[in-house]
Amino acid sequence: MKVVLIGATGFVGSALLQELLARGHQVLALARNSAKLAPQEGMQALQADVMDPEAVAAAAAQADAVISAFNPGWTHPALYEDTVRGYDAIAQGVAKAGRRLLVVGGAGSLYVAPGLQLVDTPEFPAEWKAAALAAREVLKRLQSNRLGLAWSYVSPPAHLVPGERTGNYRLGQDDLLTDAQGHSSISVADLAVALVDELGAPAHQGKRFTVAY
């Protein structure tokens with residue numbers, strides 16, 4: 001499969017790039033500065049601004065699907081606004097190209113109790129809040145589906161950490177997954193496994209899902 005990958009230089013995006021290439025997919029890696037992407041067999045770096053729906057549409061039209069791990073950066077001064085604006089542009093571009101969009105979202109919109117999402121709990125870290133609220137807004141806009149887009153959205157667990165690829169994970173939908181000790185975590189490599197599994201065998205079209213150990 002030929003896949004456009006947005007955010008390939010980031011923490012999640014780089015894991016996705018390696019998982020896609022390891023499974024034999026061809027990757028068009030979009031970056032504002034394509035020089036940041038070291039050449040790899042099976043990957044083509046494509047310079048494009050994801051804030052431009054037309055640039056996204058032109059790239060998406062060359063592939064079978066689009067995976068986005070777009071993140072303006074944790075210290076970005078307009079993190080909330082530019083995350084939402086970027087995903088609006090990505091959704092518009094992918095919809096115009098008539099392709100499928102898989103989004104790496106946040107854990108903050110997962111429910112920890114009836115009617116209570118993780119981001120709204122008193123203990124949620126303040127430094128993560130803008131990103132979590134933006135990711136929740138992106139999910140809401142996808143769920144409204146005004147564009148008629150074919151989409152899926154994965155929420156990682158509370159803790160997304162470096163670590164080995166085991167190929168093991170549990171699936172959930174809207175509730176935070178925890179293990180027997182109350183931990184909610186997964187390695188970024190296994191998050192990538194779950195998302196590339198969804199790419200190859202769609203089971204959550206038009207839905208949010210979550211994964212954890």
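**Note on helix packing in a predicted model**

1. Over residues 7-197, the chain is 34% helix and 21% strand, with the end C-alpha atoms 19 Å apart. Helices (H or I, at least four residues) and strands (E, at least two) are DSSP runs, numbered from the N terminus. UniProt lists residues 7-197 for "domain: NAD(P)-binding", in an unreviewed entry. UniProt positions are in the numbering used here, feature names are shortened, and annotations may be inferred rather than shown by experiment.

2. This is a predicted model: local features need pLDDT of at least 70, side-chain atom pairs count only at pLDDT 80 or more, and totals for chains, interfaces and linings use all residues. Residues are numbered from 1 along each chain as its sequence is written, and side-chain values use heavy atoms, with hydrogens and water left out.

3. Helix H1 (residues 11-22) meets helix H5 (residues 188-200). Their axes come within 9 Å and cross at roughly 55°. That makes H1 oblique to H5. Axes are lines fitted to C-alpha atoms, for helices over the stretch in contact; angles run from 0 to 180 degrees between N-to-C directions. Angles under 35 degrees count as roughly parallel, over 145 as roughly antiparallel, 65 to 115 as roughly perpendicular and the rest as oblique. H1 passes H5 in a right-handed crossing. A crossing is left-handed if the near helix is turned anticlockwise from the far one by less than a right angle, and right-handed if clockwise.

4. On the H1 side of this contact (heavy atoms within 4.5 Å) are Phe 11, Val 12, Ala 15, Leu 16, Glu 19 and Leu 20. Their partners in H5 include Val 188, Leu 191, Leu 195 and Leu 199. The contact of H1 with H5 divides into 13 nonpolar, no polar and 1 charged residues. Ala, Val, Leu, Ile, Met, Phe, Trp, Tyr, Cys and Pro count as nonpolar, Asp, Glu, Lys and Arg as charged, and the others, Gly among them, as polar.

5. Helix H2 (residues 53-60) and H3 have axes that come within 7 Å and cross at roughly 45°. H2 and H3 are therefore oblique to each other. Their crossing is right-handed. Pro 53, Glu 54, Val 56, Ala 57 and Ala 60 in H2 meet residues of H3, among them Ile 90, Gln 92, Gly 93 and Lys 96. By class, the contact of H2 with H3 has 8 nonpolar, 2 polar and 2 charged residues.

6. H3 also packs with helix H4 (residues 129-144), at an angle of about 25° and with the axes 8 Å apart. H3 and H4 are therefore roughly parallel to each other. H3 passes H4 in a right-handed crossing. The H3 residues in contact include Tyr 80, Tyr 87 and Asp 88; those of H4 include Leu 133, Glu 137 and Arg 141. The contact of H3 with H4 has 9 nonpolar, 1 polar and 3 charged residues.

7. The whole structure holds 2 aromatic pairs. The ring centres of Phe 70 and Tyr 87 are 5.7 Å apart and the planes stand at 70°, so the pair is edge-to-face. Rings of Phe, Tyr and Trp (its six-membered ring) pair if their centres lie within 6.5 Å; planes under 30 degrees apart count as stacked, over 60 as edge-to-face and the rest as tilted.

8. Gln 205 is found in the loop between H5 and strand S12 (207-212). Leaving aside neighbours within four places in sequence, Gln 205 is in contact with Arg 100, Trp 151, Ser 152 and Glu 198.
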